[in-house]
Amino acid sequence: MNKEAPLSVVERDFILDALRENVRLDGRSADQLRSLTVSFGEEYGHVKVQLGKTSLIVRISSEVAKPHDDRPFDGIFNISIELTAMGSPAWENGRQGDLEAYVANVLDRVIRHSNALDTESLCILKGVSCWTIRADVHITDYDGNLIDASCIGIMAGLQHFRRPDAVVKDGQVIVYGLDERVPVPLNITHKPLSVTFHTFDEGKVVILDAARKEEQASEADVIIGLNNAGDVCYLSKFSGSPVDALVFVTKTTVALEKVKEINSIIDKALQADLAKRAKGGLAEQARAENDRLIG
Amino acid sequence: MSSPLILLPGDDVPADYLPSNASAPLRLGTGLRLLSQPNPTPASTPSNHVLTATQAGILSTDNRRNAVSILPSSNRRYIPTPGDLVVAQVHHSSADYFHCMITPQSPHALLGQLSFEGATKKTRPMLRGGDLLYARVLSTGLGAGTEVELTCVNPATGKAEPGGLGPLNGGMVFDISTGMAARLIRASSSSSDQEDGVAGLVVLDELGKKLEKAGGFEIAVGRNGKVWVDCSNSEEDAVKATVAIGRCLTTIDEHNLNPTDQRKLVTKVLRDMKIES
Amino acid sequence: MMGGPIASLHPLSRADGSASYKCPSTGSNVLGSVNAPVELPGRRDALKPEDATIEVFVKPGTAPSGVGERYVEGILRGALSRIVLGREKGYPRRGVVITLAILGGESIGRGGSYLPLLPALLHTSILALLSASVPLSMSLSATMLAVNPSGEIVRKPSITDARAAASLHVLAFTSKGHLLLSESEGRFNFDTWDKVYENALAVCHGTSTLSSDGDVAMTENMDTQPLEGFVRDTVEDHIRAEYAWKVDAA
């Protein structure tokens, strides 16, 4: 049953009528993002994203593993997303629905296939050992636009994450603990994000960052994945009514603007966290010394 | 009124908090159950029954009705109770019934095809999946697994009482918490001259005053956390006014705003939406 | 010194009830949601007709879920079914769906012990159930104790303490002081367990004395607040905030 309850006729009609007058339920304009906050937890790679009422947590983790036989020089990077009843009562635990597969596929294409994370830099010893980086997306509140919110979370997480340092000595791999050696940031080649648009009224109305009810009332969705430089790495229109090709052209410009806006929000959050850690690190050292004195 | 008593599951209701009217039977509301307690000294107290909370919440007593209950968490899921007004959505119809959704991920409730004011086989409303209704919960049945039944008439009079029961056309529905829905029902059924309004809500009065010039609005609040709003009298401002009302109600619910902030919010939202007041 | 646990009630908006809980000594951080009463499609025939079905789903933070999660789900379901009143109005034949996501702290490796996470999982569950107003006979609190190789009992063990321990014990008590759950690992004898029980009861309910009529009388422990009181305060604070419009008017 992994489906939200259907909209009533009243809701569907009203959302469309309002959009024709350029009015959205939360008072936003068509190309306006909901308020976005990105924050980080104590561990490296723990990100919380709040996009309007949609919220999620991403955790990045690393593990030493054997590289795939056909790519001995490459590390491994996986994105895992599982929708649970936490995000929406309509989702059933332990059962994969269409939405889950769809979101996972788009995230894979936007981030993994565009080589946002340089997997070659994850190689430790050719054909023997490499780093496996895993991004776990936990949807905690679903109110539309899972894809864009997840992209933001994963990209922020990859930039925030630090893996343990590892060296090869006499053919042996030695992994140092986070407290033994300064952990290493991941090698990010570019910062792609997705921007999702929904169309209404035979494609005449196009809005971005749709909330859940707007998504349900829409005719079709268009997803554009691109980075700050404007390189488009993903473009899709999977189902629903036809969309004029011109929409892709005009909305790519809007998407680029949004990607820049979102990336600057992520950058600011990263810098604020870095500053906090620098301060906290000093305090930590002082406390450790105090403990030693007392002990 | 003494300071509110908060109970957690397993806590006993202190005897001095119970309504003191001994002649009428005590009505037990939600969140409480009667337990007989093994009493070590049977001679000391005549009654060995005790009222115990099953939910966390504020103990609420009504001396007039001789009732006692626990006010539930305002975000809890709606559980149908006879007499409640709800905004229901038709899912499909069968020979005798409309099968309606009251809360998502719950079994459908039944509404008789003839349970409308003046409905006969020929004049009954033709409703389809997705249509909305304002209805009253008639019964929830006894025992496990029985179906919830709805009605759009008062079975005693055959009239749609209170007014407004029946299909809801036009307008928009907004989702609010069940706690907010209960407060809105109290606030919309009685008008108060108090500064703080009824149940801590001044938003309806405030919106009523400010939207009067624009043509006013109609509202139907369902205990199931849905509120239907219609401003079709406002003509060209209808959509904006409806969105404004929805934003006010959901924001107050989400942020638990006090009367002063409610007034500020109404002014701000109406200005945002460019509605003359 | 470390502070007490940190918890919040109803941090989420879609779920019917939710809670987060962070244990300072183990660092485990759990977010939980409860949806109830809901229809469980497809499993209707398997349900007991007169009772609610409790489902627990544990989602690890940085790994796919596996046998370890199914095992701990069983433990949680067993303990929680004893306090959920599944026959109250609206609950028979419906589901109480509890979803717990592990958001912080050291992740449990394959085949690793789930005991260090169990108290946080139990506290998150009970707080989320309370936030969803699911009818309960009583509330609960839980703690983990480690017995180190020299036989001393370590209260509030860290992950390092737990790894070095000769035996690990998780005990949960109802708000009435009954033992609700006892899970142990390692080698220990009955005397040790008795000591563990006394210590766990003290952590959850304060230093306790058994009075003549069998009721447990509670007195406040001097150094830290008993966990039972912590659960109560968290819930009361939330209710006061939620009903501020009523409390202030009174």
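Here are some exercises on this predicted model, each followed by a worked solution.

Residues are numbered from 1 along each chain as its sequence is written, and chains are lettered from A and ligands numbered from 1 in the order in which they are written. In this predicted model, local features need pLDDT of at least 70 and side-chain atom pairs count only at pLDDT 80 or more, while totals for chains, interfaces and linings use all residues.

**Exercise 1. Walk across a sheet in chain C.**

Task: work out the strand order of the open five-stranded sheet, and which strands stand at its edges.

Solution. Strands of a sheet pair through backbone hydrogen bonds, either parallel or antiparallel. Two strands count as paired if DSSP finds at least two bridges between them. In chain C the order is β1-β2-β3-β5-β4, with mixed pairing. β1 (6-9) and β4 (53-59) of chain C each have a single partner strand, so one side of each is left without a neighbour in the sheet. From one strand to the next, the twist averages 15°.

Now zoom in on one pair. β1(C) and β2 (residues 17-22) of chain C run antiparallel over four bridges, and A7(C) sits opposite Y21(C) in β2(C).

Then look at what covers the sheet. α2(C) packs on it, touching β1, β2, β3, β4 and β5 (95-104) of chain C. The direction of α2(C) makes about 150° with that of β2(C), using lines fitted to C-alpha atoms (for helices over the stretch in contact) and angles from 0 to 180 degrees between N-to-C directions.

**Exercise 2. Describe where chain C meets chain B.**

Task: how many residues are in contact, and which elements of chain C take part?

Solution. Contact requires C-beta atoms, placed from the backbone, within 7 Å. By that rule, 39 residues of chain C are in contact with 31 residues of chain B. The elements of chain C giving two or more residues to this side are β3 (29-38), α2 (118-131), α5 (227-242) and α6 (244-249). Sorted by class, the chain C side has 19 nonpolar, eight polar and twelve charged residues. Here Ala, Val, Leu, Ile, Met, Phe, Trp, Tyr, Cys and Pro are nonpolar, Asp, Glu, Lys and Arg charged, and the others, Gly among them, polar.

**Exercise 3. Examine a domain contact in chain B.**

Task: which domains does the assignment give, and what makes up the domain 2 side that touches domain 3?

Solution. The bounds come from an automatic or database domain assignment: domain 1 (6-71), domain 2 (85-168) and domain 3 (172-272) of chain B. The C-alpha centres of domains 2 and 3 of chain B lie 26 Å apart. Nine residues from domain 2 and eight residues from domain 3 make the contact. On the domain 2 side, β7 (85-93) and β10 (132-139) of chain B give two or more residues, and β7(B) gives the most, with three residues. That side divides into seven nonpolar, two polar and no charged residues.

Terms used. Two residues are in contact if their C-beta atoms, placed from the backbone, lie within 7 Å.
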